[in-house]
Amino acid sequence: MKKLILTFAIALFALAVTAQESFTDRFGGMKGVTSVYISKSLLGMMPDMKSNGKNFGAVAGKLDNMQILNTETPKAARTLKEECGKIIRNGKYVSLMNINDDGEHTGIYMKEFANGKKQYVMLSVDKDETSVIVLTGKLTLQDIKNVMKK
């Protein structure tokens, strides 16, 4: 009986790890898409990571990785938008925010994993360009609010 329970637990763990497939693994090789993957190790070496006046270094220690995807062609933009939409719907992400402004749509979505980690996906879609930023780790909404205040 113990072996059966152990086997079941290992199978569930393997399923959870597989479900966390990297966006850059899936779309990084797509023609017309530029992808960037920043590991936890590199994030840890960047204590003063600033962008647009915001200091992301304060939360870098809580991140497992950061992934950035950006399209270079209208065809890639459409494909990335459609595929990311499917991942968000089928992966049971919760919509945190949606903005529609003059033909541009930006959405922020969150998914919580059984291990307590969360994945935040920011999907920004313009007429001929799609950008995706994915943050994975033990980041809270309060952490994000704190970064935005600075």
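Start by selecting Gln67 and Asn65: their side chains make a polar contact at 3.1 Å (a pair of N or O atoms within 3.5 Å; within protein, one must be able to donate a hydrogen and the other to accept it, and residues adjacent in sequence count only if both atoms are side-chain atoms). Keep in mind that this is a predicted model, where local features need pLDDT of at least 70, side-chain atom pairs count only at pLDDT 80 or more, and totals for chains, interfaces and linings use all residues. Residues are numbered from 1 along each chain as its sequence is written, and side-chain values use heavy atoms, with hydrogens and water left out.

Is Gln67 buried or exposed? With 3% relative accessibility, Gln67 is buried (under 20% relative accessible area, with exposed over 50% and partly exposed in between; 1.4 Å probe, protein chains only).

Now zoom out to strand E4, where Gln67 has its place (strands, E, at least two residues, and helices, H or I, at least four, are DSSP runs numbered from the N terminus). Show the whole open sheet: six strands in the order E1-E4-E8-E7-E6-E5, with antiparallel pairing (two strands pair if DSSP finds at least two bridges between them). Look at E1 (33-39) and E5 (94-101) on the edges: each has a single partner strand, so one side of each has no neighbour in the sheet.

Next, pick E7 (residues 118-125) and E8 (residues 130-137), antiparallel strands joined by eight bridges. Here you'll find Met122 opposite Ile133 in E8.
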